[in-house]
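Hi,

Here is the model I promised to send over. Have a look, and my notes follow below.

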Amino acid sequence: MRHRRRPRHRAFSGVTLVCSLVAILAPHASLFAQATASLRVQVIYAANDPGGVDARLGGLAAELQRTFRYSKYELLDSPQGSPALNQSWQANLPGDRRLEITPTAMQGGQYSLTVRVLSSSGQAVVNTRVRLRSGATVLVGGPSHQKGVLIIAITAG
Amino acid sequence: MAGPERPSREPEDDRNLVDRAKQGDREAFATLVRRHQDRAFNLAYQMVRNREDALDISQEAFARAYTSLPTFKGEASFSTWLHRIVVNLAIDSLRRKRVAGTASYDDTRAVPGEPEAEPSTRDDPAIALESKQVRALLARGIAQLPPAQQAVLVLREIEGMTYEEISQAVGCSLGTVMSRLFYARRRLQQVLKMHLADLR
Amino acid sequence: MIHWFHMALGRGRRLAAYAAAELPPAEHARVEADVRSCPACRREVEAYHLVSSTLRTEPPARMSPEQAAAFLAGVERRLRPGTAALARPARPALRELFWDHPRLSLASAAAAVILVLGLTLVQMEVWGPWSPSVPNGVEVVSIEAGEDAPVMVFQAPGSSLKVIWVFEKPTS
């Protein structure tokens with residue numbers, strides 16, 4: 001059975017520990033968690049063809065259907081990577097294109113990424129900087145593919 | 001570019017999230033809810049055609065999924081398993097309401113006051129077959145189908161599931177799925193055939 | 001198996017299967033030839049196609065943003081009393097260790113303070129001052145597009161996805 005009067009060291013240590021842990025976990029978690037950004041990419045072919053929605057798209061399917069009016073969404077590829085800070089990671093895209101993602105900051109569950117879609121000649125079709133919360137998804141779309149377009153879903157975390 | 005390797009049917013994340021949720025990881029289950037809530041709501045709505053009931057059913061489905069997690073063995077995907085719970089709840093709801101004579105449904109789809117999404121039409125042309133009349137007829141037709149037929153029709157035609165997935169989602173044999181689907185399609189086809197005849 | 005199922009049954013099902021493109025190729029061709037010469041059959045097939053195409057292009061029903069945001073809370077409210085609602089893992093036993101060993105607990109507290117101060121300095125050195133949280137999970141900070149490819153950023157109402165859309169010049 002505990003004594004009613006707590007020894008002083010317990011009170012002092014307890015408060016200090018709690019405050020320190022909060023201070024560590026809040027903005028500094030990324031340091032302990034990982035020095036790399038875990039990237040998940042889904043390369044999707046969207047068109048106004050029969051074919052419906054690829055079941056492998058999971059929860060993304062409903063969002064795509066809310067955002068666009070294509071009748072077909074097909075998952076072409078789902079590359080993943082874990083580049084370190086300021087290290088570029090690339091994935092092939094249809095049409096001899098490449099997707100290049102470079103994490104430029106990782107902090108408190110947020111990721112700053114430079115995302116480029118490069119044509120076959122190496123020219124950047126789009127070059128964008130985005131900030132994502134861990135688990136959030138951004139879409140880069142529009143490059144033509146067959147009878148439709150490519151939509152690239154990028155999630156970090 | 002070499003053909004991409006086809007990923008497995010279920011995203012690996014769902015499997016990992018389920019495993020973590022089974023061990024009490026709160027955030028993992030919350031992530032599953034956020035990921036699948038829209039599809040669950042849409043499925044429930046397509047069955048019961050009532051927004052409040054659909055919200056009720058889809059939330060109840062996740063609550064039941066959470067408490068039943070220990071029994072989920074992973075033979076089907078989490079999504080398919082969840083669909084099964086949603087479908088069963090929707091069928092129960094339909095049967096209760098039909099017995100009580102209180103079935104009601106609305107044909108509205110968009111949230112009031114929200115404009116439709118309008119990305120550039122150059123890359124996203126309007127789909128040719130939009131007909132309010134046809135959709136209204138089909139909505140009524142679906143509402144009059146027996147719940148079991150309604151379930152397979154919605155899962156096949158709206159959710160785009162394969163026969164095997166539907167079989168797992170509703171818990172019946174492939175043959176039963178196909179039979180129910182045939183009768184559901186034929187019923188709706190007969191409704192539309194009359195409509196098309198009126199147009200000529 | 002699906003093809004076999006349809007083949008084993010009568011004309012009505014065969015026509016429905018033809019409309020759904022679920023017959024084996026040879027049977028599909030045979031039924032197609034029959035349909036061509038049968039106006040009533042054509043109307044049936046047309047109606048089947050209309051059912052499928054209308055349902056498949058049905059826009060999904062969606063919750064209002066408020067309902068979507070409150071959905072998880074609604075799930076939690078339904079969990080039975082006594083069920084640990086989306087349970088947190090049990091507290092570790094480490095607490096007991098610190099509580100009963102004064103030197104250890106004081107030393108740990110001091111170490112934690114030093115660690116926090118050190119990490120703060122390192123983090124600011126490496127990644128700059130803390131930035132505010134990203135609202136809605138995604139922020140597009142900057143965009144550059146190719147000369148012939150204007151770019152648009154949008155987010156559809158009711159959708160959580162932010163889209164960066166490139167209008168590529170048609171090649172033909």
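A quick definition before the rest: pLDDT is the predictor's confidence in each residue, on a scale from 0 to 100. This is a predicted model, in which local features need pLDDT of at least 70 and side-chain atom pairs count only at pLDDT 80 or more, while totals for chains, interfaces and linings use all residues. Residues are numbered from 1 along each chain as its sequence is written, and chains are lettered from A, with ligands numbered from 1, in the order in which they are written.

For the complex, the predictor gives an ipTM of 0.78 and a pTM of 0.47.

Chain C first. The mean pLDDT of chain C is 73, and 62% of its residues score at least 70. Residues 125–130 of chain C stay under 50; the model has 6 contacts for them beyond four places in sequence (a contact means C-beta atoms, placed from the backbone, within 7 Å). Where pLDDT is low, the predicted coordinates should not be read in detail.

Now chain A, and strand E10 (residues 148–156). Strands here are DSSP runs of at least two residues (E), numbered from the N terminus. In E10 of chain A, 8 of the 9 residues are buried, so the strand is largely enclosed by the rest of the structure (buried means 20 or more other C-beta atoms within 10 Å of the residue's own, with C-beta atoms placed from the backbone). Strand E1 (residues 39–47) of chain A runs antiparallel to E10(A), joined by 8 bridges, and A:Val43 sits opposite A:Ile152. Strand E9 (residues 137–145) of chain A is also antiparallel to E10(A), with 7 bridges (strands pair if DSSP finds at least two bridges between them).

Cheers

Note on methods:
Two residues are in contact if their C-beta atoms, placed from the backbone, lie within 7 Å. A residue is buried if 20 or more other C-beta atoms lie within 10 Å of its own, exposed if 12 or fewer, and partly exposed in between; C-beta atoms are placed from the backbone. Helices (H or I, at least four residues) and strands (E, at least two) are DSSP runs, numbered from the N terminus.
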